[in-house]
Amino acid sequence: MALTGRARAEALASLEAARVAARDRVLGLNQPLDLGVLFTRPDLFAREAVDWVGIPGGGPTGYQLEILAAVPEHKRVAVRGPHGLGKTLLSSMLVLWFAVTREAAGIDWKIVTTSGSHYQLGAYLWPEIHKWARRLRWDLLGMDPWRPDIELLKRNIQLTHG
């Protein structure tokens, strides 16, 4: 019996999820993540704390990881590039990394998101933050997922410490 359309897509997604789960069991990757290590490693956060199943490429690119790793070291990192390079993904990963790790450490924190126009924040950055927040591996982070109407607001993250 041949599957078509939606049934085929669901079957392929299920097979991919089973393959990744089996790989993670063999490699011991489904262990809780050490938030102390992630505190200074946004590159590791992006690789390990996000569910990349079904995403083309299966994770951040090498240059994205390099940029993420440079942030704690240099504090300010400028990225220039064409459309589609993944600059918004980088920004959203940094926001999520900072919020998750500082909240877990019980440190007061604040993240200011700014742009050349108000439209870019509402149309690009914050929808991307919401997208990747849904893909965080909350079980490995040892946290409950943020609820869209309470912690993860339209253009704000409202948690206990930040």
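The entries below follow that order.

**Basis.** I am working with a predicted model, in which local features need pLDDT of at least 70 and side-chain atom pairs count only at pLDDT 80 or more, while totals for chains, interfaces and linings use all residues. Residues are numbered from 1 along each chain as its sequence is written, and side-chain values use heavy atoms, with hydrogens and water left out.

**Fold.** I looked up the secondary structure and found seven helices and two strands, taken as DSSP runs numbered from the N terminus (helices H or I, at least four residues; strands E, at least two). Along the sequence they come in the order α-α-α-α-α-α-α-β-β. For contacts (heavy atoms within 4.5 Å), I noted that residues 24 or more positions apart make up 65% of those with a separation of 6 or more.

**Surface.** The accessible surface comes to about 10,300 Å², with 55% of it belonging to carbon and sulfur atoms; the method is Shrake-Rupley with a 1.4 Å probe. Of the 162 residues, 33% count as buried, where buried means under 20% relative accessible area, exposed over 50%, and partly exposed in between (1.4 Å probe, protein chains only).

**Largest pocket.** I then turned to the largest pocket, whose volume is about 1,200 Å³. A pocket here is an open set of points on a 1 Å grid over the protein atoms alone, where a 1.4 Å probe fits, with protein on both sides within 12 Å along at least five of seven lines, and lining residues have an atom within 4 Å of a point; the volume is the space filled by probe spheres set on the points. Its lining has 35 residues, and Lys87, Leu90, Ser91, Leu94 and Leu125 are the closest to the centre. Helix H4 (62-74), helix H5 (87-105) and H6 each give two or more residues to this lining, and H5 gives the most, with 10.

**Aromatic pair.** I searched the whole structure and found four aromatic pairs. One of them joins tryptophan 97 and phenylalanine 98, edge-to-face at 6.0 Å centre to centre with 70° between the planes; rings of Phe, Tyr and Trp (its six-membered ring) pair if their centres lie within 6.5 Å, and planes over 60 degrees apart count as edge-to-face. Tryptophan 97 is buried at 5% relative accessible area, whereas phenylalanine 98, at 26%, counts as partly exposed.

**Histidine 130.** Is histidine 130 buried or exposed? I found it buried, because its relative accessibility is 15%. Histidine 130 lies in helix H6 (residues 118-134) and touches Leu152, Leu153 and Lys154, not counting residues up to four places away in sequence.

Key. Phe/Tyr/Trp six-rings, centres within 6.5 Å; stacked < 30°, edge-to-face > 60°.
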